[in-house]
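Hi there,

I am passing along the structure we talked about, followed by some notes on it. Please have a look at it first and then read on.

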Amino acid sequence: MNRVKRAYLVAAAVAAAILIIPWAQSSRAEDSPDSPRITDGSQVTMLYRISVPGEGFEAKDVGQFIQGQHQVLPALEREVNGMKSGEEKEIELPPEEGFGPYDPQKRKTIARAQLPADAKSGDVVKDRTNSPATVTELSESTAVLDYNHPLAGKPLKISLKILKVDQPKS
C-alpha cells in the first residue's frame, strides 16, 4: 500500500473515531436516569437539520450553544429546555419565530461599481459597514442588495438530536 493511500486511511479512521465516539457516548447517556437536562447555562451540543417545507432547502450540522444566552433562536431555546442527551425532537416554526417576516424595506439599490467585478445574482457580499447582503438583481449600472436573512419569511422545520449536555460550573 503506498504512503498516500495509507495516510488517507489513517486520517479517515481518526475522523470516524472523532465523529462516532462522542455520538456513542451521548447515546448511552440517555439510558442513565441522572443524565443532566438542559437548563440555563448548560452547554449544549446538538445535531440539527433545518429545512423549508416545499422548497427543497436543507442544512445539516452539529452546533453548540449555551442555553439562555440567546445564541440560537428564542423558540429553539424554549423547545430544548429540559431535554437531555440522546433525546430527539422535531419543531415547526412559523416565520415570526424563525428568522422573522420578510421586510421589503431591507432592499437597497447601489451602483454596480461598488460590487466586485465578478459578482453575480445570488452571491452574498459585505457592504462598506461589513453587513452581509444577497445580490438579487444586476444591471449594467446598478445592483440590488437584500439585507433580509435568506430564511426570512419562511416557515422552518427543525429536526434535532441532543448529543451532549454539560451543566454550568458553579
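Let me begin with a pocket. The second largest pocket is lined by Lys108, Ile110, Gln114, Leu115, Pro116, Val125, Lys126, Asp127, Arg128, Thr129, Leu145 and Tyr147. By class, six of these lining residues are nonpolar, four are charged and two are polar. Strand 4 (107–111) and strand 5 (124–126) each contribute at least two residues to the lining. The space inside this pocket comes to about 200 Å³. Please bear in mind that the model is predicted.

Now for the chain as a whole. Two helices and eight strands are present, and along the sequence they follow the pattern α-β-β-α-β-β-β-β-β-β. Among contacts with a separation of 6 or more, 65% are between residues 24 or more positions apart. Of the 170 residues, 29% are buried. The chain exposes about 11,200 Å², with carbon and sulfur atoms supplying 54% of that area.

Is Thr45 buried or exposed? Its relative accessibility is 12%, so Thr45 counts as buried, the cut-off being under 20%. The side chain of Thr45 makes a polar contact with the side chain of Gln64, at 3.0 Å. Leaving aside residues up to four places away in sequence, Thr45 touches Val62, Gly63 and Gln64, along with Lys161, Ile162, Leu163 and Lys164.

Best wishes

Terms used:
Residues numbered from 1 in each chain as written. Predicted model: local features only at pLDDT ≥ 70, side-chain atom pairs only at ≥ 80, totals over all residues. Heavy atoms only, no water. Helix = DSSP H or I, 4+ residues; strand = E, 2+ residues; numbered from the N terminus. Buried < 20%, exposed > 50% of the residue type's maximum accessible area, 1.4 Å probe, protein only. Contact = heavy atoms within 4.5 Å. Areas by Shrake-Rupley, 256 points an atom, 1.4 Å probe, with all protein chains shown as cover. 1 Å grid on protein atoms, 1.4 Å probe; cavity = no way out; pocket = protein on both sides within 12 Å on 5 of 7 lines; lining within 4 Å. Points joined across faces, edges and corners; volume = space filled by probe spheres on them. Nonpolar A, V, L, I, M, F, W, Y, C, P; charged D, E, K, R; others polar. Polar contact = N/O pair within 3.5 Å; in protein donor to acceptor, adjacent residues only side chain to side chain.
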